[in-house]
Amino acid sequence: MDYNFQEIEKRWQKYWEENKTFKTPEDLSNPKKCYVLDMFPYPSGAGLHVGHPEGYTATDIFSRYKRMKGFNVLHPMGWDAFGLPAEQYAIQTGTHPSITTKNNCNTFRRQIKELGLSYDWDKEINTTDTGYFKWTQWIFIRLYNTWFDDELQKGRPVSELKVPETIAKPGKKEIAKYVDSKRLAYYANARVWWCPGCRIVCANEEVLNDGSHEKCGNRVEKKNLKQWMLRIPLYAERLLKGIDSLEWPEGIKDMQRNWIGRSTGAEVDFKIEGLNENLTVFTTRPDTLFGATYMVIAPEHPLTDVITTIDYKCTVNTYINATSLKSDLDRTDLAKEKTGVFTGRYAINPVNKKPIPIWVADYVLTGYGTGAIMAVPAHDNRDFEFALKFNLPIVCIQDPDVSDPEQKKRILAGKECWTEDGKYINSSDKSTGIDINGLNKDTGIAHITNWLEIKNLGTAKVNYKLRDWLFSRQRYWGEPFPVIHWEDGEVTVMNENELPLKLPELEKYLPGDSGESPLSNSTEWLNVTDKNGRRGRRETNTMPQWAGSCWYYLRFIDPKNDKLIFDQAKEKYWMPVDLYIGGAEHAVLHLLYSRFWHKVLFDLGIVSTDEPYKKLFNQGMILAFAYETESGAKVPGDLVEERDGKYFHKETGAMLNQKVAKMSKSLKNVVNPDDVTSKYGADSLRLYEMFMGPLDVTKPWDDKGVKGVFGFLGRAFRFFSNPENIIKGEEDTEVLKGLHYTIKKVEGDIETLRFNTAISAMMIFLNLATKKGKVTTETAATFTKILAPFAPHLAEELWQLLGHKKSLAYEPWPEFNEEFLKEDLFEYPVSFNGKMRFKIELPVYLSKDEIIKIVLADERSQKWLGGATPVNIIVVPNRIVNIVIKT
RNA sequence: GCCCGGAUGGCGGAAUUGGUAGACGCGCUGGUCUCAAACACCAGUGGCAGCAAUGCUGUGCCGGUUCGAUCCCGGCUCCGGGUACCA
C-alpha cells in the first residue's frame, strides 16, 4: 500500500476535530497534571514560518506522550495579536486592525491545524478580544493599587499603606502624592527615546546598540513625555532569588541575573568645596577611597550646573551640548577615546580630607547609580585610561601580588593599572583616624563601610541595573489604560465593574506629531464628566505588547470565564506551567516582565504559585543556506545552481560559497511550511524539524533532510500496513530486545527533550524489523504507540489498520521490560596502552581474573605484547580491557 | 572589552558525560528492478597506504592530568548569541 499522506492526514485531522480528542479534561481529581505551553505567536501577515513548528512540535510530542502516560494535559494555543504591523497597515489602507488581525489569525490557525498539533481549540485566546483585555486592564488596576513593603518583601494593597504622620497632616493632596510615590504603577514625565519613524516612544530595552529602534530600524531621539511606568526594580531581589528554584537553562538564568544586575557597595558623600552641597557616589569598592584622586559626574547630573565654576562654564556647556547630540553608542563605544572636561571645582575626599578635582565626562551615565563616580585610576581600567589622558594623579593603594619585580615596580609607581586583590598600602590618615593598611579586599570593604556609617558619611548599599519599566505607547492598537485625568489634576483608575474600556472606532490611525496617540482624535470617547460635573479626559496612551503576553498562561486555564479572571480551583490545579518552550529572544524581557506580574498577583493572593514557569526550554533558531561570491556579496537563492556539490551563479557563472544565515526575504531563502506539508506531509515536517539536531541549537534547514524522514515514514507505513508482515504468536527475541530498547530510549529522550536521538532509535528498530521481515501484532501495536507523539497521523492510521476502532491518543504508553534488555555476552574491546587492538566476546558474568586469563591467552594478545610482561591490566566489567605495557 | 554558548567525516549530527569516535539521516559510489529515468531495494562509504588481511592517523590549536581524554585542567584561535564604559 502506498503512503498516501495527504489523504491520511486530512482524515485524522478531521477525526480529532470532530471528536474533540484533545479537549482538556474537566476532572481535576487526577493528581497527575501537565501544563504544556508554547510562546504564543504574533499572527503576522506573512503566515507561519518554519521556526514556529519547531517549538510547537516539541511541545506537541511532550503533550501527546504525557496523555499516554495518564496525565491530564493542558495544551492551548492563542494569539498575541496587538502589535505594530496591523496598525501600520491600517494607516496605509484604512482597514481596521481587528480585521487584519482576524484574517491573520485564521491563516495561522489553519496552518497550525494542518500540522496535526494536539491543541484544545476550545481554550483559544486572543489578546485583542475585549473579553481578554478586560482582565489585562483589571491587572493594571491591581498594579496601580499595590505598593511594595520592603520589610516583608511583598506587594500589598495601597489601602494597607500607612502614611507617615508628618505627611498625613498637611492635607489630602500630600497624602495622595505620598501614596502615588509608592504605587507599582505611576505616571511621570519621562525623558524617553522617541522613534520618529513609528512616532512611538521606545523603552530603553527596545533601543538597539546603534541607537536605532528594534522594530523599524529608524534612529531614535530623546523626548520628554508623560508616561506610565512600572516599578519593577522593587521586585529585583525577589526576581533574583526566584531564579535559583527554576528548571531553566543555566545560560538563560545567568542572562536574567545579569539583567537585574545586583551589586553591593556603598554610597559615599563627598563635600563640595565652596558649596553647601554633597556629591553622592555609588561604589562597589569603598575600600579604595584612598586611591580616589578625582571625581566624574554625568553631563546630565542635576548638580553639574551648580558645580561648574564661572571660568569653566563655557567649556562645560560646549561639552554638554556635544554630548547631547551623541547616541548611546557614540558615548559608550570602547574603541573611541574618552572625553571629559574639568568643572573648576573640587570635592573633599572624606578619608583624608584632600581636595580632588571634579570632572564631567559622558562615560558616566545618569541611569545607573547616582550619576557620579569617584575615580580610582590605579585600580580601575577606565579611570586609569582617563587619568593618563588628562594627566590626573594616580595613587597605588594595593600592593600587587605579582612575581615579576619590574611589573610590581610599574604598578606601585602608578604606571600600570592593577585590578586584582592585594594588601593595602598608603591607606591611613591621622586626621580621620582611619587605617586599613595590610588588610585585604573583603575586610577592607567591611572596615571602610563601617567607618562611613559611623561617621555618617555613607551607607552600605545594594544597587540594581534593572530600571523602571516604561509601560505606555502612543498607539491605537493596544489595550487602553482604564485611567482618567481630571481637570483638577487628579488621576483616577476606573472601577472594575466599568471594564472593559474598549477602543473607539477611528477614521484616522495616524498618531500626532506631538507624540499623542491616535486615541486623542476620538473626542466622544476621550471626554468624560463625573456625577459632580467635573470634566476629565481619558488616558490616550495604550499598553505595550508585553501586557497581553505577561499573563496569558493564566487565562488559558479558564478562557471563557466572564465573571472572574479565572476560576481559583482551576488555577490551583493547573499552575505552574510544567513546560514552556519558545525562542531565546525572549530570554530576558518577556520572561522577566511576566515573572514580575506573576509575583505581584501572588502577593495579592490571586495566584497560588510564586513562579509561573517551572521548566523552560529555548529552541534554537532555524537558519537557511545562503550563498555569496568570493568578495562576500550575497546572492539570492533563485540565482544559485548546484553542480557536483558546488554552487554557481546562474547568470555570471561565478563560483559561490555556501554559508548559513538567517532566513530573509532579500536572500530568497525563506522556507514556507505549507510547501513542505504539501510535498511530504505534516508528519514529515514534524519529524524533520525534530530530527535536524538538538532542540536548543541553531541549525540550517536542508530540504534534502526532509526526504530522509519522509523515506522513514514511508517504509514504516509500507511495512506495518502489509498484513503479510504482521504475524500472531511469539516474538523473535532479537526483535523483542530491539523493541524494548527503543521504548526505553524514546521515553527517556522525550522526558529530556532529545527528540533527534529518539527518532534515530525508531529508525534503527524499523531497520531491524524490515530485515527480520515479520513482527507480531503486539510488536506492531507497541511501535505504533511510541511513534504516535512524533508522527500522529501515520500512527493513527496504522493503529486503525491493526484493527482498533478508537484513537490511540489515550492508549497507555508501553512499558519496557529490563529483562529483555539483558545481555549474556559482551564484546570487550581490548586495548594496549589505550589503543583498541581487537575485540573478544565474553560472558557478562566473568570475574576480572577470568577475563584477564582469557584475554592474555588469546594469540592476538601475544602478538601485541611482543614477549613483554604487562605492567598493569585494567578491566572495567562490560566496558573495556586495557593492557599497559612499557614501551 | 566583558558574559554565555560552541568547534567531531563532503553535510546535519551521535557517543551511556573518563572506557570500542563517527549511531541515525543526507550526500556520494557500485549493484538489482526498468526500454530508460524516477521510485524502491541491496552493498560500500573519516583520511592515508595496501589486491587484501591489516597498519598508521584522526574530535579547532598547544600543553597537562590519567592505564585510558570528544569529555577534566591550563593557555590560545576561530565562530555564534547577549551586552555596551555598571563605578
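## A buried tyrosine and its neighbour

Y476 is buried, with a relative accessible area of 1%; buried here means under 20% relative accessible area, exposed over 50%, and partly exposed in between (1.4 Å probe, protein chains only). W477 counts as buried too, at 7% relative accessibility.

A quick word on the ground rules. This is a predicted model, where local features need pLDDT of at least 70 and side-chain atom pairs count only at pLDDT 80 or more, while totals for chains, interfaces and linings use all residues. Residues are numbered from 1 along each chain as its sequence is written, chains are lettered from A and ligands numbered from 1 in the order in which they are written, and side-chain values use heavy atoms, with hydrogens and water left out.

## Aromatic pairs

The structure holds 52 aromatic pairs. To make the list, rings of Phe, Tyr and Trp (its six-membered ring) need centres within 6.5 Å; planes under 30 degrees apart count as stacked, over 60 as edge-to-face and the rest as tilted. Take W79 and F108: their ring centres are 6.1 Å apart and the planes stand at 80 degrees, so this pair is edge-to-face. W79 sits in strand β3 (residues 78-79) and F108 in helix α4 (residues 97-113), so the pair ties together parts that are 29 residues apart in sequence. Helices (H or I, at least four residues) and strands (E, at least two) are DSSP runs, numbered from the N terminus. Both W79 and F108 are buried.

Back to Y476 and W477: with ring centres 6.4 Å apart and planes at 20 degrees, they count as stacked.

## Salt bridges

Across the whole structure, a search turns up 48 salt bridges, each one a side-chain nitrogen of Lys or Arg within 4 Å of a carboxyl oxygen of Asp or Glu. In E490 and R534, the closest N and O atoms are 2.7 Å apart. E490 lies in the loop between β22 (483-486) and β23 (491-493), and R534 in the loop between β24 (527-529) and β25 (535-538), so the pair ties together parts 44 residues apart in sequence. E490 is partly exposed at 38% relative accessibility, whereas R534 is buried at 18%. R534 also forms a salt bridge with D530, where the closest N and O atoms are 3.1 Å apart.

E611 and K599 meet in a salt bridge as well, at 2.8 Å from N to O. That pair links distant parts of the chain, with E611 in the loop between α20 (589-603) and β27 (616-619), and K599 in helix α20, 12 residues apart. Both ends are tucked away: E611 is buried with a relative accessible area of 8%, and K599 counts as buried at 0%. E611 and K599 also belong to a network of salt bridges that links them with R238, R595, D603 and D610.

## Charges over rings

Two cases are worth a look. The charged end of K66 sits over the ring of F71, 4.4 Å from its centre, and R142 lies over the face of W138, at 4.0 Å from the ring centre. The rule asks for NZ of Lys or CZ of Arg within 6 Å of the ring centre and within 35 degrees of the ring normal.

## Cysteines

The disulfide count comes to zero, a disulfide being a pair of cysteine sulfur atoms within 2.5 Å. C314 is exposed, with a relative accessible area of 59%, while C396 is buried at 4%.
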